[in-house]
Amino acid sequence: MEANMESCLNQVLQKDVGRRLQVGQEIIDYISDKDKSSDLEHDQTNLDKLVDGIATSWVNSSNFKVALLGLDLLSALVTRLQERFRSHVGTVLPSLIDRLGDSKDQVRDQDQILLLKIMEQVASPQYLWDRMLGGFKHKNTRTREGVCLCLITTLSTYGAQGITLSKIVPHICNLLGDPTSQVRDGAINSLVEIYKHVGERVRMDLTKKGLPQSRLNVIFNKFDEVQRSGNMVATPGSDKNFEDEDSVDGGRSTSSSSSKPSSVRRTVVSVVRRPSAASASKITSKEAAAGAVDEEDFVKAFEDAPSVQIYSNREMEDQMSKIREVLSDEKHDWEHRVVAVKKVRSLMMGGAAEYEGFPQQLRLMEAPLKLSAKDLRSQVVREACITLGYLSTLLGNKFDHCAESIMPTLLNLVPNSAKIMATSGVAAIRIILRHTHYARLILIITSNCTSKSVAVRRRCYEFLELMLLEWPTNTME
């Protein structure tokens, strides 16, 4: 693709699905490279057409691969434009709300991650939620449920401060009578999440909404379960935030509702899925984020894999070949990919590294492991990161080439809006740096100290500190 704004726009506006799948990554690379796309910010007319074309023709495409590329394109634009993307929020939001009800898990997950990214980098959660209320009345059942799950994720990530919940609760109450059980469950789980952050004031306010007593009893029983479980997030003085007797409000921000929160509390993690997963999530003290992981979690999970016995070099190579086949094909079900990644650890526990053909097999495994670390499924990414940490722990400096190959991919996880992915990347990097002292890793880390992402810059200085403290002097020199 010729590197200029006009050719990029032409590629976005063409309708051929096959061609879109071919050029999607090229367009992402063009947007991400400031040198190639220096005219992006200055050509407002074409930029408006570009964003509109991606939102309406790509994100809304019936081909889920094109829809995923469309979400990736918008994510690249958000990263590039930051707060300047704010003027495009109204253009993309209808499509993003629609995709919350997509039939594919991958699309729904990626859509929620993008919405959180917009809240973090472009505009405040309140700014988006003021414009998302129509989603509670969407004609698509999955979308109504998805909006509830998105609210849960927003509260889990940012807390209730700065979000005027009094505008949202009536819409949730309307969904309590929805004809679809999944939507009703989503509405109840949303109220439970609000209760975690706001406390007893929610219970009082719901009694004024005219809801049937039987429905209130179900909700209040869930409130009681949360209270007994110790999963409350609300502070003892949180009621002081409520000045309006009839509102459920997580504390209005003293600044304008359109400004970005200066110090949001990052309390959770992965994208909330179906109600069963949402109700199972717990708030922990670690990093103030349920779902976040650290090195200790990884070490505990290292040998959480089935036992395998290997009796020959040929058998080891056959097993590694089967794993590569699964991990290299994204069409395989994500659960199969998780099993395959764990199988690598099983083979290591079975003594695979002792066979002469293992170094070559490890080289061949680099690309599939890298692909797994880029997966859209947080479960696949987590297991891939655990496996990479385990390989580094066992192989030490023999893991050098693989460490160099995988490090940029792991660094790309650091700014991910899904906390489980971000912290998995950080934990894997820290374990690798502790056990694999390879000089070329220094350049990778130092070059990312000037990253556009604040999270990446901050973490890279932490990684440098770790290397200075733990690496031998000759490697550092």
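What pLDDT does the protein chain average, and what share of the residues score at least 70? The average is 84, and 87% of the residues score at least 70; pLDDT is the predictor's confidence in each residue, from 0 to 100.

This is a predicted model, in which local features need pLDDT of at least 70 and side-chain atom pairs count only at pLDDT 80 or more, while totals for chains, interfaces and linings use all residues. Residues are numbered from 1 along each chain as its sequence is written, and side-chain values use heavy atoms, with hydrogens and water left out.

View 1. Where pLDDT is low, the predicted coordinates should not be read in detail.

**View 2. The largest nonpolar core, with 79 residues.** A nonpolar core here is a set of buried Ala, Val, Leu, Ile, Met, Phe, Trp, Tyr and Cys residues joined through side-chain atoms within 4.5 Å. Buried means under 20% relative accessible area, exposed over 50%, and partly exposed in between (1.4 Å probe, protein chains only). Leu 50, Leu 77, Phe 85 and Leu 206 have the most contacts inside the core. Helix α4 (residues 64-81) gives the most to it, ten residues; helices (H or I, at least four residues) and strands (E, at least two) are DSSP runs, numbered from the N terminus. Leaving aside residues up to four places away in sequence, Leu 206 touches Val 169, Cys 173, Leu 191, Leu 211, Leu 216, Ile 219, Phe 220 and Phe 223. A second, separate core has 64 residues, among them Ala 352, Phe 358, Cys 402 and Met 467.

**View 3. Helix α3 and its packing partners.** The end C-alpha atoms of α3 (residues 44-59) sit 21 Å apart, which agrees with the 22 Å that its 16 residues should span at 1.5 Å a residue (the expected span is 1.5 Å times one less than the number of residues). Its buried residues include Asn 46, Leu 50, Ile 54 and Trp 58. They pack against α1 (5-13), α2 (17-32), α4 and α5.

**View 4. Gln 82, in the loop between α4 and α5 (89-99).** Look at the backbone here: phi of Gln 82 is near 55°, a positive value in a residue other than glycine. Gln 82 counts as partly exposed, at 32% relative accessibility.

**View 5. A salt bridge between Arg 430 and Glu 295.** A salt bridge is a side-chain nitrogen of Lys or Arg within 4 Å of a carboxyl oxygen of Asp or Glu, and the whole structure has 19. In this pair the closest N and O atoms are 2.9 Å apart. Arg 430 is in helix α20 (residues 419-435) and Glu 295 in helix α14 (residues 295-301), 135 residues apart. Both Arg 430 and Glu 295 are buried. A network of salt bridges links Glu 295, Arg 430, Arg 434 and Glu 470.

**View 6. Arg 345 meets Glu 383 in a salt bridge.** The N to O distance is 3.0 Å. Arg 345 belongs to helix α16 (residues 334-349) and Glu 383 to helix α18 (residues 378-395), so the pair ties together parts 38 residues apart in sequence. Arg 345 is buried, at 0% relative accessible area, and Glu 383 is buried too, at 3%.

How values were computed. Contact means heavy atoms within 4.5 Å.
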